[in-house]
Amino acid sequence: TSNKRTLRTLFRPAALPPPVVSDTSPSQKKLLAYHRDNEQQEMINQLLIDRALEVYYITMDETDKDETAPPIKKRPSTVRKYFFIKPLKILYFQAEYFFLKKCLQSNPMVPIQQQWLRSILTMVPQSLMKGRDRELLTEDLLKEIVRDYEKSMERCVLRRALVKPDLEELAKLQEEAPLPSLPLGLDFSSTWRNSYINAKNQIISTLHILHPTMKTLLDFGYTAFFNFLVLDFSSSRLKGPVDCRSFKTDASLSCSKAEDEIMSTWHQRVLGLFTQSEALDGVKLDQLESFYNCVAVLMSNQLKELLQRTTEAFVKLFDPEDRSHLPFFKMDLTFDENKMEFYPSLQDLEEAILFVVDCIGQTLQNIQTIRAWLMGGTETLDAELPAHTVQWAKSTLKKSISDNLEGPKEHFKGYVESYGWLVDGTAEERINRFAAEQPSFDEYT
């Protein structure tokens, strides 16, 4: 026999002993036949049990085997049952179940029909079938469908043709993964294309930012603001030292001048745009309010972006890592009423610098909306700087001012340490004490 043992070679037909022919009476023949039948049945049962044990021993896990036991061929049948933990009945049914299952799995399955695959491909939109590498994706899709079909057919055949014995040991076996379940809360009963087209049409009809007038309005803002700042102090260092009062005045004048320029250029072009009848082409009467609201939001965003960009440019002048544009401030070291101090004070200097941030935020705050200008209303655009931008600018400037004032503070401290005794009364006390002593001429010398 071959050394390779398989499940099919284990169940060989049992060879029965030849019948015994002798001269016996009918009663003796009947008695001998009865004993012979019992012996044959016992032999068949023992053979089935031995075969089941051998099949189970081959297919069982390594942890269930008794490694110290001799090979099966060398084990006497009377002691084989002591080398296994499970009862013989369970082993027999388990081996038979796995053998039948393997036979069913090895049988060929009915292949999926080609017309089914073609029908599935017709459900894919043609727009998704075009393009680069689409043929490879389609081939992978069909392979996945065939694999799922064959696996489903195999499960169906096993469940219909093979009944698992009602044994506790077999019930614990996880032979196959459970079937996938549909995600909860999702409805796949209808395709998404129709709802997508409806939503797209609704967006096109109500989202006014796609209107040609909005594109023109965007172009006006880009042309007017892309290289423009409400306030530009980048060249103030070249002008030399400036006092705090002049610095605040220059900031106010620059913001006022920039606002007048914007109103006379950008705002006038916007008003001229909406005086034309073409500006409202395609806008229905019941959509005028939402259309003008969209215009107001777009103009507000353009003005806020301009003010925010100006604020960021001003804060960058005080960058501690790049002091090439840091402004010069004129400050005096004064002595008044026996007190030495800076004029203006360091606090006044900080307030003057932070004043510029407030001045930028107050610019362009009284511009009428297009709807108010057409209807004679008083509504204005929301061009206020966001609170987080103002907070960031002031906190960054305070830290930068504190770092840049370390030098003046050390300079002031040196004056106080060197000459403070002349003004705090120490020198006068020493003079008076020296004059009251009235020393002799020798002591004077």
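The count comes to 12 aromatic pairs. Rings of Phe, Tyr and Trp (its six-membered ring) pair if their centres lie within 6.5 Å; planes under 30 degrees apart are stacked, over 60 edge-to-face, the rest tilted. This is a predicted model: local features need pLDDT of at least 70, side-chain atom pairs count only at pLDDT 80 or more, and totals for chains, interfaces and linings use all residues. Residues are numbered from 1 along each chain as its sequence is written, and side-chain values use heavy atoms, with hydrogens and water left out.

Start with F247 and F329. Their rings pair edge-to-face, 5.0 Å centre to centre, with 65 degrees between the planes. F247 lies in helix α10 (residues 244–264) and F329 in the loop between α12 (288–316) and β1 (332–336), so the pair ties together parts 82 residues apart in sequence. Helices (H or I, at least four residues) and strands (E, at least two) are DSSP runs, numbered from the N terminus. Both F247 and F329 are buried. Buried means under 20% relative accessible area, exposed over 50%, partly exposed in between (1.4 Å probe, protein chains only).

Now take F342 and F412. This pair is tilted: 5.5 Å centre to centre, 40 degrees between the planes. F342 sits in strand β2 (residues 339–343) and F412 in helix α16 (residues 406–423), so the pair links parts 70 residues apart in sequence. F342 is buried, at 16% relative accessibility. F412 is partly exposed, at 24%.

Back to F247 and F329. Together with F233, F314 and F318, they form one aromatic cluster.
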